[in-house]
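This report looks at the pockets of one protein model and at the residues that line them.

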Amino acid sequence: MSFFKKMLASVGIGTARINTELDAFEVALGGEISGTVYLEGGQADQSIDNIHLMLKTHYIREQGDSKLRGTATIAKYLVTPGFELKAGERKQIPFRFRLPDQMPVTLRSVPIWIETGLDIDMGVDPKDEDLIHVVPDQKMQTVLDAVELLGFRLREVTNDYAPRLGRGLPFVQEFEYAPGGRFHGYLDELEILFFPRGDALELVLQVDRRARGLSGLFAEALELDERFVRVVLSRDDLLRGSQSVAAQLEAVISRHI
């Protein structure tokens, strides 16, 4: 192999190519992602340090009056350790991995994708990106249905910068609801964070009360009208269904308005 071709490959010209094909585009929380990584060698032999897959998403970080978009790696998986890829050689490498416990879902404007990275010794690293659609598991769906039964309307889902709450991630996923039903007129909004705990599910509710009277206006101005409430739903609670969970949440929220 000529020195000229090796030099071109080192700057990305005629280097190896990579493409990932997923077996399924949609996966539920706690489910598995599987597929195949296809490799094709370039014009020169190249040493591959490793192939890895990364789950990624965007999050929003407020800085003054601005909102900045960041990119977070949710999890990283090794597909294969290092090997030598010959010029023009083709390889197919299957993979399968389970989604991590702390994982956002794809709702509203939240994108989630898999980035396949190829680490090449002394060369430009090619990559491939594939969007995936992560849907709620049965535990989360039970809660989402319960909140709707109470008359709340999902307004927005965002990944917000909060490293102290993210449990290893730089953000938390926040579900923001507009009030309805019996809570209309009492709340400005309800925000919910989800934290899986094995078969149980921990919720953090941010109850934003509507200002009433002069004292309420002062509280709203000082942001004292928001209360954070922690709720843990056991496996049995969730198995009783959305009607039962709705009753529990209604009682909790009522105590804080």
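How do the residues of the lining of the largest pocket divide into nonpolar, polar and charged?

## Basis of the model

This is a predicted model, in which local features need pLDDT of at least 70 and side-chain atom pairs count only at pLDDT 80 or more, while totals for chains, interfaces and linings use all residues. Residues are numbered from 1 along each chain as its sequence is written, and side-chain values use heavy atoms, with hydrogens and water left out.

## The largest pocket

The lining of the largest pocket divides into 11 nonpolar, 2 polar and 10 charged residues, where Ala, Val, Leu, Ile, Met, Phe, Trp, Tyr, Cys and Pro count as nonpolar, Asp, Glu, Lys and Arg as charged, and the others, Gly among them, as polar. Of the 23 lining residues, Asp 160, Tyr 161, Val 172, Glu 174 and Glu 191 lie nearest the centre of this pocket. A pocket is an open set of points on a 1 Å grid over the protein atoms alone, where a 1.4 Å probe fits, with protein on both sides within 12 Å along at least five of seven lines, and lining residues have an atom within 4 Å of a point.

Domain 1 (3-135) and domain 2 (138-254) each contribute at least three residues to the lining of the largest pocket, the domain bounds coming from an automatic or database domain assignment.

## The second largest pocket

The second largest pocket is also lined by 23 residues, and Leu 29, Asp 101, Gln 102, Met 103 and Pro 196 lie nearest its centre. Its lining has 15 nonpolar, 4 polar and 4 charged residues. Because domain 1 (3-135) and domain 2 (138-254) both give residues to this lining, the second largest pocket lies between them.
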